[in-house]
Amino acid sequence: MADSEEHSNSPSDRPILASGVWKVFGKRVADAMAMARDKVDQSEILAKSGCVVAVQDATFEVNWGEIFVVMGLSGSGKSTLIRCLSRLVDATAGRIVINGQDLGEMPELELRELRRHTISMVFQNYGLFPHRRVIDNVAFGLEVRGATKEDRYQKAEEMIELVGLDGWASNYPEQLSGGMKQRVGLARALAVDPEILLFDEPFSALDPLIRRDMQDELLGLQERLRCTMVFITHDFSEALKLGDRIAIMRSGAIVQVGTPEEIVAHPADDYVRDFTIDVPRHKVLSAGTVMAGVSPDMVLEGEPVAVSARLDAILPRLLTEGRPVPVVDERGERCGVLEPAVVSRYLWRQ
Amino acid sequence: MTSLTVRSAGWRRPMAYLGGAVLLLGGLIVLLPEGIGAFPPEWDIGFGPAVNEVQQWWISNRRDLGVYLFFFDPLSDSIDWLLRAFENLLMAIPWYVHVAGVGVVFGRWLGRAGGLAAGAGMLYFVALGLWEQSVQTFSLMTVAVALAVAIGVPVGILAARSDWVFRGLRPVLDSMQTLPAFVYLIPVLLFFGVARVPSLIATVIYALPPVIRLTNLGIRQVPTESLEAGLMFGSTSGQLLRKVQLPQAVPSILAGVNQTIMMALSIVVIAAMIGAGGLGQEVLLALRHQEVGRAVEAGMAIVLMAVMLDRFSHSLVGQGRMGGAHHTEGLRYRYWWVAGGVLAALAIAGWTIGWTDYPTALQFSYAAPIDGAVDWARDNLYQLGNLPVGTGPFSDFLTTYGTRPMRLYLSEEAWPVVVLFFGFVAWWASGKKLLLGSVVGTVVIGLLGMWTLTMDTLSQTVVAVLMAIVIGLPLGVAASRRDWLERGMRPVLDTLQTIPSFCFLVPVVILFNVGRIPGIIASVLYAIPPVIRLTNLGIRSVDSEIVEASESFGVTRRQKLWKIQLPLAMPTVLAGINQTVMLVLAMVVIAGLVGGAGLGLEAVKGLARSDTGLGFEAGASIVILAMILDRITQGWAARFQPPSSDRG
Amino acid sequence: MSRRSTFKASLLLAAFSLVLAACGDDLGDVETIKLAVNPWDGSAVNIAVAAAVLEGEGYTVERVEIDENAQWAAIAAGDLHASLEVWPSGHADNVASYIDGGGGVVNGGELGAVGKIGWWIPTYVVDQNPAAGTWQGLQDPATAQVYATAETGDKGQFLIGDPSWVSYEQDIIDNLGLHLEVAYAGSEEALLAAMDSATSRGDPLLFYWWTPHSAFSKFDLTAFELPAYSDECYASGAVDCDYPDDVLFKIMWDGLEEGAPTAFTILSNFSYTNEDQIFMLGKLDEGLSVDEAAAAWMDANESVWQAWIPG
Ligand SMILES: Nc1ncnc2c1ncn2[C@@H]1O[C@H](COP(=O)(O)OP(=O)(O)OP(=O)(O)O)[C@@H](O)[C@H]1O
Ligand SMILES: [Mg+2]
């Protein structure tokens, strides 16, 4: 995947760097890790050592301003991983670096400061405080930091407006619908102006229409705020829609990291391929991925398309014209050709 | 339907086990050498003498112990002061202000009907001439509950924050709840001097566990996400506790306070034995003169107080949960200001014209008809004509064919057989751990020198529990089928559980002869409500879809009951039986007061003869017995839970 | 409830001496007289009468409910000033250490009433079967059977109330060879209820009881015949005879005479008969309060109590 790092920034100031992170629940940690390295099955490890290997040797980095999606089936260790990133659970082994600081070695006080100013989190079941009004929920982070009542209410009002909940400030969470609750969760996380936002399946509990709204809203926010987000989901289409890059987890291990297109086009194994089966490929794949090589002397008619163009824009033409379409790169030079046969192989999986 | 088939297997297995048990025990009896009878008395290594020695040492060194001068005495004095101040304050306010005030508070929270009912309830105390006693009991209880909360909430918080503390605390709490208060009355006297402070302390000890348990539970039940959210914003652990955990634990804590109030009210009479005064003293005095009616009047005052405090604390829970979201602040306060003003005006008016006493002409009593009823029952129910029917012959029958043979068998048959039988039942109910626990427990009872007495108590417990089941189960089933019956039964059951059993003591002795049976009858009266309630509840909460499915196969009512409803309700019913067992054991001492002998009488002896060691040995045996029976019945209940948890 | 107790040097006893010693009064003028009320009605009416008389003389009286064993230490410490009904048979050790041994308590003289612990049966039992009222009779299993219950099987039942009551029942039964089994009613109340139940049907009942007691105004009871009391019988250690008469007496704090001479004299003179006490106990049973009963007696017997007040 090395070639996927087009939008790379220098490694030292990545917001999140994880290398060789393990999390084992249970007592006989060493045995469990050894077994996991030998590719022993999860259930067998559990039976033999009584341990659950929730995260296994996870290595990845997150770039500034991107939405990094972690995707996997239920129980694959996503929540545990994201909780390691915020040290809500302590990793068993490995190193996590946040903003250049080693999380594992961070003393209590610094960790608290980090959480107060740098990282924020949105939870699957909202994690709202039922005994606090919406505004007090949103202001919580500021309150804990020691902000004055005036300041924090002002900021909280802004945030409530930002997520479109004006007028609900003095209601209690139980009086809100699921979507509204998650907006509160979002506002609460945003209120502390974090650089890094962690989302643990924030939209799983919402029904599909509201979920789509929230996804769009999140993308809109990301446009405006440009903060770094780690987003967890078990829904592959959500991952494709939101993710700049996606990490796919299985049984605690990260099996593939890449852009949505890379993953759809070149799934690392059958587990990943399974996810991609139902994906509307024409919406994900671009000309550059599916084009065939071209010899300079080949004669091609018709308007060329850009490498970055999505197939869904090109397909109608390809189908109606029924002949190869040239592809040009950013400089306008021809770099490939879309052969209907090749394209269809990509679209319908050999 | 699969779950049903699995369940019926669950029914069959016990039968196999039981068969095994009978064979095993039969074999043991044959194999054991002759002459192994009751637990050998010479193995008595009881700690009684040691306890008494410690107590003696404590007494004789008291003057030199700083803890008294600087801790117990000042503590005792300040509690006494607080108690008197509170009581004087309440007594200073004219009765009608209390009546109106309580009406106003309840009216606000529970609506107009609630307010009127509460006012009428308050009137009961006054009109029956129990005002002063009620105020005394109420103040003692309020201070006791306040103390319990002041101690219980912090301890609960500690327990919630440390598994270690929690694990250490659990057996202590279990013991506090099962150890008869009789046992620690004397040591409490020793630490806290004469009169009302020791009875208050005894009340606190008895009533403390629920606040601790439910504070702990409330904090532990705060959803993980809520905690993580708190942590993720960088809360310190103090902030987390104050801003996240405690507020969310409030409903649970209030529920604990509610239970604590009920517990405190349930030992009003026992506390009166060491000088609490109040309604408890009234019950005792009435009993001394065999005035059942008067005892019931005072007992019902306790019930009424319990009901009102229960409603009050429940609505507190409600308020706590709602956060008062209904009303805008100003409006809420105006109501209280106006009400407070009117009440104050009333009080001042009363003081100025000097009209503060309830007019004697309006006094009211229903003691006479109750006494009449007791006499009537004595003359007519003891034996019907010359037939062998009536309470007397029933008592004789139960003695001759129930308690006596069982007691003689248990206490005189080879003790290892009894130990093993217990172990076997424990193993069957729950597993190896409980097997070990129960064997150790029963042997310890033997080593305490309490073998015979425990077997006596055990046999009475078994009879009482069986009786409660035989009566309660059908009643529960009947209640589950008829809403009116359920509704009608509820206040009766509430009353049975809250009225001091002391009120029944005279009638049960009169009707059932002094001895073990009246104690059993009193225990059944006190302990039957859970069986009835939970049978009813269990049947009513059987999934209606399953019931409908069975109906679609055309089952008869009886088949429906036996094949569907009862089996599915079994876990709940067994939970009820578990509670009943515990309540019967809580009555052991009371049973001792009417001739029940066994451990109960021994605990009474401990108090009456100032033999704390003896009391503690008997108390410890009750605790052990209670814990074993509790775990066994809980184990049973767990067996009938959905099959997934049935790893048998 | 408890009447007497063999358990010498009761733990409570010592406990209270120390508890109360911590806040002892000084020997100055004692204006508040603290009287011990023991948990039985006789004690309560005595104290009610004494309180009324003392209050008439200008004292303030505080009544403290306290166990009869515990009271000794409290009186010795001066935290309580007097107790008016001590049953000697249960307090030999206390007398020895607190009065004779100069332990801070003085003998305040006889109460006047004489107590008697013994075995009692409803009178109708002897009327029907005289043998059932004597110890010789109960040596015969067939006669003892009269008192048999489901609980005691073929032996007769001997019922005793509160376990704190000192009793030599087992000794007496064993030494006289009676076919009886001791059963505990558990409390005075239960024993009274048992009497009520049995007498309502004319059933036989044999039990431990004492006079004066209000029960005598309600039930027609006859003393069961035991061998007469003798000092030797008790000294022998193998008791096989009746209980001794209990000449009830009063005890007082040894500082009372100096601290409150008038009160001391009144309490020393305080004396009345069994009939006087039973009169008031009967009033209690009629539903009067302790103070009302005392007032009723005082109205009818002014000369008696006036005589207690010094010149
Ligand atoms: N505190 C814990 N103790 C023991 N095992 C745990 C703990 N937390 C998680 N696990 C186990 O770790 C594994 C991964 O759990 P995790 O919650 O991270 O999965 P997930 O991918 O978030 O699943 P989901 O989509 O259901 O939220 C699971 O097998 C889970 O049972
Ligand atoms: Mg998860």
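Take Lys39(A), which is exposed because it has 8 other C-beta atoms within 10 Å. Phi of Lys39(A) is near 60°, a positive value in a residue that is not glycine, and Lys39(A) sits in the loop between α1 (29-37) and α2 (42-49) of chain A. In chain B there is a counterpart for discussion, Ala597(B), also not a glycine, with a positive phi of about 50°. Is Ala597(B) buried or exposed? Ala597(B) has 23 other C-beta atoms within 10 Å, and therefore counts as buried; its place is the loop between α25 (588-592) and α26 (598-608) of chain B. While we are on backbone geometry, chain C has a cis peptide bond between Thr211(C) and Pro212(C), with omega about 0°, and Pro212(C) belongs to the loop between β7 (206-211) and α9 (215-218) of chain C.

Now to the sheets of chain A. One is an open sheet of four strands in the order β2-β1-β4-β5, paired in the antiparallel sense. Its edges are β2 (52-62) and β5 (101-102) of chain A, each of which has a single partner strand, so one side of each is left without a neighbour in the sheet. Inside that order, β1 (residues 16-25) and β4 (residues 93-98) of chain A are joined antiparallel by five bridges, and Ser19(A) stands opposite Arg95(A) in β4(A). Helix α3 (residues 78-85) of chain A packs on this sheet, where it touches β1, β2 and β4 of chain A, and its direction makes about 60° with that of β2(A).

Another open sheet of chain A has three strands, in the order β11-β12-β13, and its pairing is mixed. Here β11 (305-306) and β13 (334-338) of chain A are the edge strands, and because each has a single partner strand, one side of each lacks a neighbour in the sheet. Strand β12 (residues 325-328) of chain A runs antiparallel to β13(A), with four bridges between them, and Val328(A) has Arg334(A) as its bridge partner in β13(A). Helix α15 (residues 311-321) of chain A packs on the sheet, touching β11, β12 and β13 of chain A, at about 150° to the direction of β12(A).

Turning to how the chains meet, two pairs of chains touch, and the pair with the most contacts is B and C. Chains A and C share no contact, and their closest C-alpha atoms lie 49 Å apart.

Leaving aside residues up to four places away in sequence, Val509(B) touches partners including Val514(B), Val594(B), Ala190(C) and Ala194(C).

I will end on confidence. Chain C averages a pLDDT of 83, with 89% of the residues scoring at least 70, yet over residues 1-28 of chain C pLDDT stays under 50. Where pLDDT is low, the predicted coordinates should not be read in detail.

Technical notes
Residues numbered from 1 in each chain as written. Chains lettered and ligands numbered in written order. Predicted model: local features only at pLDDT ≥ 70, side-chain atom pairs only at ≥ 80, totals over all residues. Contact = placed C-beta atoms within 7 Å. Pairing = 2+ DSSP bridges. Helix = DSSP H or I, 4+ residues; strand = E, 2+ residues; numbered from the N terminus. Axes fitted to C-alpha atoms, helices over the stretch in contact; angles between N-to-C directions. pLDDT = per-residue confidence, 0-100. Buried ≥ 20, exposed ≤ 12 C-beta atoms within 10 Å, placed from the backbone.
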